[in-house]
Amino acid sequence: MAWTALVFAGIFEMFGVAMINKLHQDRNWQSLTLLILGFGASFVLLAYAMETLAMGTAYAVWTGIGASGGAIIGMLFYNESKDWKRILFIAMVLGAAVGLKLVS
């Protein structure tokens with residue numbers, strides 16, 4: 001259950017990051033509210049996961065999901081660069097997160 005909560009924490013972090021970008025574009029209360037809700041849910045789920053998972057592992061996986069997910073959202077929805085080197089390093093971040101799961 002802790003790993004499921006951690007994955008959802010990372011997904012909500014990705015959502016929060018996307019809302020930061022949306023807030024910069026639109027400057028409205030809806031984007032700000034969604035940003036706060038996204039990061040709030042992310043932190044609550046991260047805290048729950050850290051009740052049973054090691055702090056270093058949980059934080060690294062949460063950050064990895066959020067960072068790589070934010071980059072993927074940028075490529076898919078905000079026309080950011082899809083250079084193969086960028087994709088390679090995103091894959092390395094995700095691979096490291098999976099590796100931490102396997103050794104934990």
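Modeller: A residue counts as exposed when its relative accessible area is over 50%, and as buried when that area is under 20%. Please keep in mind that this is a predicted model.

Colleague: Fine, so is Arg27 buried or exposed?

Modeller: Arg27 has 63% relative accessibility and therefore counts as exposed; its place is the loop between α1 and α2 (29-49).

Colleague: What about the phi of Arg27?

Modeller: Phi of Arg27 is positive, at about 55°, although the residue is not a glycine.

Colleague: And where does Asn79 sit, and what is its phi?

Modeller: Asn79 belongs to the loop between α3 and α4 (84-103), and its phi, in a residue other than glycine, is positive and near 55°. Because its relative accessibility is 69%, Asn79 counts as exposed.

Colleague: Switching to the helices, how do α1 and α3 cross?

Modeller: The axes of α1 (residues 2-26) and α3 (residues 55-77) come within 8 Å and cross at roughly 40°, so the two helices are oblique to each other.

Colleague: Which hand does the crossing of α1 and α3 have?

Modeller: The crossing of α1 and α3 is right-handed.

Colleague: Which residues meet there, in α1 and in α3?

Modeller: On the α1 side they include Trp3, Leu6, Val7, Ile11 and Met14, and on the α3 side the residues include Val61, Trp62, Ile65, Gly66 and Ile73. The residues of this contact divide into 13 nonpolar, six polar and one charged.

Notes
Residues are numbered from 1 along each chain as its sequence is written. This is a predicted model: local features need pLDDT of at least 70, side-chain atom pairs count only at pLDDT 80 or more; totals for chains, interfaces and linings use all residues. Side-chain values use heavy atoms; hydrogens and water are left out. Axes are lines fitted to C-alpha atoms, for helices over the stretch in contact, and angles run from 0 to 180 degrees between N-to-C directions. Helices (H or I, at least four residues) and strands (E, at least two) are DSSP runs, numbered from the N terminus. Angles under 35 degrees count as roughly parallel, over 145 as roughly antiparallel, 65 to 115 as roughly perpendicular and the rest as oblique. A crossing is left-handed if the near helix is turned anticlockwise from the far one by less than a right angle, and right-handed if clockwise. Contact means heavy atoms within 4.5 Å. Ala, Val, Leu, Ile, Met, Phe, Trp, Tyr, Cys and Pro count as nonpolar, Asp, Glu, Lys and Arg as charged, and the others, Gly among them, as polar. Buried means under 20% relative accessible area, exposed over 50%, partly exposed in between (1.4 Å probe, protein chains only).
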